Amino acid sequence: MKKLTALLLVLALILTLSACSDGETQETGGNNTGEINPADLNSPPETNQPESEKNDSQETETPPFSENFETPETVQKNKMTIDLEFQDPEIVATAVIIPEIAEGEFSFVISNTLTIEEISNSSGSLEWTKERIELPFRYDLQKVTVETNSGDAITIKYSGRLQGHFTFLTDKKKTMDFHAAWYPQEFSFPSNIDNEIIVKISNLSDYTVVRGEYDEKNGQWIYSTKGFVDNDCNIIALKNGEHFYFSENGINIYYCDDKETKITASIAACTTDALKYYNEILYPNHERGGGIITIFSHSAEPGSFGGAYNRAGVFIYDGIGDINDISEDEFLIDGIPHEVAHFWASGADTNSWEDWLNETAAEWSALLYVLHTYGQETFDKIISMYIEYSPNFPPIKTEDGSRPYGVHNKGTVLFYEIYKEHGEDTIARLLNIFVSLDEKTTENFINEVSVKIGEDIAQIIREGIEKE
Ligand SMILES: [Zn+2]
């Protein structure tokens, strides 16, 4: 029971944030050595340039190692470049953007633990104001409003400590992502900046930056979000000689604790198996998850799993555990297929109550995989935990539209009510309706369910989202 409680906590913390839809570019290529490589052999730096973009089409792009790519003159709209330095335990960064407006105010959001030192353009320092703001998934944010007077590039200098899920700035590992809000985000002008952030990291020659490229000439790591529509700038820098690497069948696993070595092959196999189940059985009309998958385990102490996410093929686990087999651990039995399912179960607004769609679809994809792979008893054990804890969570639909606590739980139990009456096939149809939606909202989902399955099921969902 202790384990089930731990699993519940994990599931409450598992974060969606997956943003992978049909037609998005995934990583391709890479090696498939199938060996466990202690990092004293130095794990090969992964490239995050899709193979398809390494050919002639690259010429039209700003080359990543261009001498002056980071200067304000060369920054283009819808791009951001960041010079980053780790000065433990702080970061020191300079971000350069061109706002979509030439004159007037614009704003962005960044961690409130960081100090904005200067915001300037070619004419000099600009005025800015800041206020605290709360947004899902991130702690202690500040919204910075800048008054600009030209369409010039704007330089934002900032530094400080960070906190957030999966954020660690230590000698052994430096990991920080969207949750830490370590870079300007949520711009007030319409922007695709997240789709092309180039980070140039100095003073990390003794580290491997996951999905980065090392620029020998300048002694810097270059990390780019280009090619990944992943709404994240996820830096994972691991000290050489102090991390481990495993690669098999396009699945690259990085981890920090040797104890996890024995489970890595099973993690890769389970990821591959879940992908196969979804592609071939559950979602045969929606092929996803091709290319390289990167898994990073934070290697937390056994039993302290604190969540996981999949954002466009990068899976972050708090820890994958000191165990011999996946079937010994409820989190891995259900958690890996849940994260894999986010290749399909994504697209609804993760910042609002609508996230129940992503999470319910991911969890039920995983539950159908569990049923298929481990059988009814294991399935029942997992669902019983959801039922037990469901009364602790608020209704799915919140009055103010915000994302409710325990967003995974209530929807999973709601679908279980449908499963009990109408069976596995109906759940599979519901999941496929969600995956096929153009605009993933609860309203659209219920309308489609009413048309394609029946008004009775649509009504169960309509009532279920309001239920205490
Ligand atoms: Zn999830």
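Mentor: This is a predicted model. Strands β7 and β8 (residues 141-148) run antiparallel, joined by six bridges.

Trainee: Which residue in β8 stands opposite Trp128?
Mentor: Val146 does.

Trainee: What's the strand order of that open sheet?
Mentor: The order is β4-β8-β7, three strands with antiparallel pairing. β4 (104-111) and β7 (128-133) are the edge strands, each pairing on one side only. On average, neighbouring strands of this sheet are turned by 25 degrees against each other, direction ignored.

Trainee: Switching to loops. What kind of peptide bond joins Asp88 and Pro89?
Mentor: A cis one, with omega at about 0 degrees. Pro89 sits in the loop between β2 (80-87) and β3 (90-97).

Trainee: And Asn203, what's its phi?
Mentor: Positive, about 55 degrees, although Asn203 is not a glycine. Asn203 lies in the loop between β12 (197-201) and β13 (207-209).

Trainee: Arg211 has a positive phi as well. Is Arg211 buried or exposed?
Mentor: Buried: 24 other C-beta atoms lie within 10 Å, and the cut-off is 20 or more. Asn203 has 13 within 10 Å, so Asn203 counts as partly exposed. The phi of Arg211 is near 65 degrees, and Arg211 is in the loop between β13 and β14 (213-215).

Trainee: Last topic, helix α4. How many of its residues are buried?
Mentor: 16 of the 20, so α4 is largely enclosed by the rest of the structure.

Trainee: What should α4 span at 1.5 Å a residue?
Mentor: 28 Å for residues 355-374, and the end C-alpha atoms are 28 Å apart, which agrees. Just after α4, Gly375 takes a positive phi of about 95 degrees.

Notes. Residues are numbered from 1 along each chain as its sequence is written. This is a predicted model: local features need pLDDT of at least 70, side-chain atom pairs count only at pLDDT 80 or more; totals for chains, interfaces and linings use all residues. Helices (H or I, at least four residues) and strands (E, at least two) are DSSP runs, numbered from the N terminus. The expected span of a helix is 1.5 Å times one less than its number of residues. A residue is buried if 20 or more other C-beta atoms lie within 10 Å of its own, exposed if 12 or fewer, and partly exposed in between; C-beta atoms are placed from the backbone. Two strands pair if DSSP finds at least two bridges between them. Axes are lines fitted to C-alpha atoms, for helices over the stretch in contact, and angles run from 0 to 180 degrees between N-to-C directions.
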